Amino acid sequence: MKRLIVNADDFGMTPGVNRAVVEAHRHGMVTSASLMATGDAFEEAVRLAGQYEVSVGCHVVLLEGSPLLPPHQIPRLAVCDAEGRARFQRSLGEFIRAATTGHLPGEEITREATAQIQKLRNAGIHVTHVDTHKHAHVFPEVFRPLMRAAVACGVGAMRNPFEPPQTMRWGEVLFRPALWSRYLPVRTLRIFAAEFQHQAAWHGLRTPDGTIGITLTGFLNKPLLLELLRRVPEGTWELCCHPAYEDAQWHALGPRPGSGHRELELFASAELRRCAESLGIELISYPELEPVTQSVAA
């Protein structure tokens, strides 16, 4: 059996992202969305999620943005900039270095993630799962405190951010130089996959078997997506996407990976949804994940 959650990230980022997510949910492949508690269009996303019955998780932001909590509550994660605004203090590269050298403050991650999840709940959202901006919880230094936050907030599922190797082969990457810088890190980070699954089971969290298409983030087109769908392994997987109408607010956020318009065309396509179904793929959302049957020793 092949089951696939198609999750749109960055819900709540801008009005153009919100419109695109809803369109892809109503007419195409998107079965789930992840809402940014810190997004500029948060309130609109909450309203649209209720209006169109979108299954919504929390897209926890821990870098390259603003926190919910004031910097004095998370002093190792956030600072005030020159204009007095709270900002996460690490770029993506700095965050990776801190995550791999034991310099991320786990208790602050739990505190900030809890605040973001609670904001969704306070807005009336039933939070179906938790994931992170830029797949930050691929590192044990992040997924352990994030799991504590999810459990404390009563959230029962989390994205498994590890990509199965069989969906993107080295021979194919070889002829696409733009993918070289993504393929090797994605494969290397699989060293943390077993620990993630162990910790998720111990915390009683439901997860897919992994996430497909991470290597292709920003590069997806119709032929690549069709090939990716043909290679979905047996089991339950997630495919995350970033559809968007590229309005002024979207561009004002700075360079974005790939094309929001192109991903909107792909994931709002009824034809591609039918194609997935013809390949024997059942499209599901997070509430349909199998329950965890037992915990394991920590």
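Colleague: Leaving out residues up to four places away in sequence, which residues does P15 touch?

Modeller: This is a predicted model, in which local features need pLDDT of at least 70 and side-chain atom pairs count only at pLDDT 80 or more, while totals for chains, interfaces and linings use all residues. Residues are numbered from 1 along each chain as its sequence is written, and side-chain values use heavy atoms, with hydrogens and water left out. Contact means heavy atoms within 4.5 Å, and on that basis P15 touches A41, E44, D247 and Q249.

Colleague: Is P15 buried, partly exposed or exposed?

Modeller: P15 lies in helix 1, residues 15-27, where helices (H or I, at least four residues) and strands (E, at least two) are DSSP runs numbered from the N terminus. Buried means under 20% relative accessible area, exposed means over 50%, and partly exposed is in between, with a 1.4 Å probe and protein chains only. The relative accessible area of P15 is 25%, so P15 is partly exposed.

Colleague: How is A157 placed, buried or exposed?

Modeller: A157 sits in the loop between helix 5 and helix 6 (170-174). Neighbours within four places in sequence aside, A157 is in contact with T128, H129, V130, L205, R206, Y286 and L289. Its relative accessibility is 0%, and A157 therefore counts as buried.

Colleague: What is the orientation of helix 5 and helix 8 to each other, roughly parallel or oblique?

Modeller: Helix 5 (residues 140-152) and helix 8 (residues 193-203) pack at an angle of about 20°, with their axes 11 Å apart. Axes are lines fitted to C-alpha atoms, for helices over the stretch in contact, and angles run from 0 to 180 degrees between N-to-C directions. Angles under 35 degrees count as roughly parallel, over 145 as roughly antiparallel, 65 to 115 as roughly perpendicular and the rest as oblique. Helix 5 and helix 8 are therefore roughly parallel.

Colleague: Which residues of helix 8 meet helix 5?

Modeller: From helix 5, the residues in this contact are F143, R144, M147, R148 and V151. On the side of helix 8 they meet E195, F196, Q199, A200 and H203.

Colleague: And which term describes helix 4 relative to helix 5, oblique or roughly parallel?

Modeller: Helix 4 (residues 106-122) and helix 5 pack at an angle of about 45°, with their axes 8 Å apart. This angle makes helix 4 oblique to helix 5.

Colleague: In which sense do strand 1 and strand 2 pair, parallel or antiparallel?

Modeller: Two strands pair if DSSP finds at least two bridges between them, and strand 1 (residues 2-11) and strand 2 are joined over 3 bridges. N7 stands opposite S32 in strand 2. The sense of the pairing is parallel.

Colleague: Which way do the residues of strand 2 point, and are they buried or exposed?

Modeller: In strand 2 (residues 32-35), S32 and S34 point one way, whereas A33 and L35 point the other way. On both sides the residues are buried.

Colleague: What is the phi of D10?

Modeller: Most residues other than glycine have a negative phi. D10, found in strand 1, is buried with a relative accessible area of 7%. Its phi is positive although D10 is a residue other than glycine, and the value is near 70°.

Colleague: What is the phi of H135?

Modeller: H135 is in the loop between strand 6 (127-132) and helix 5, and at 15% relative accessibility H135 counts as buried. H135 is not a glycine, yet its phi is positive, at about 55°.
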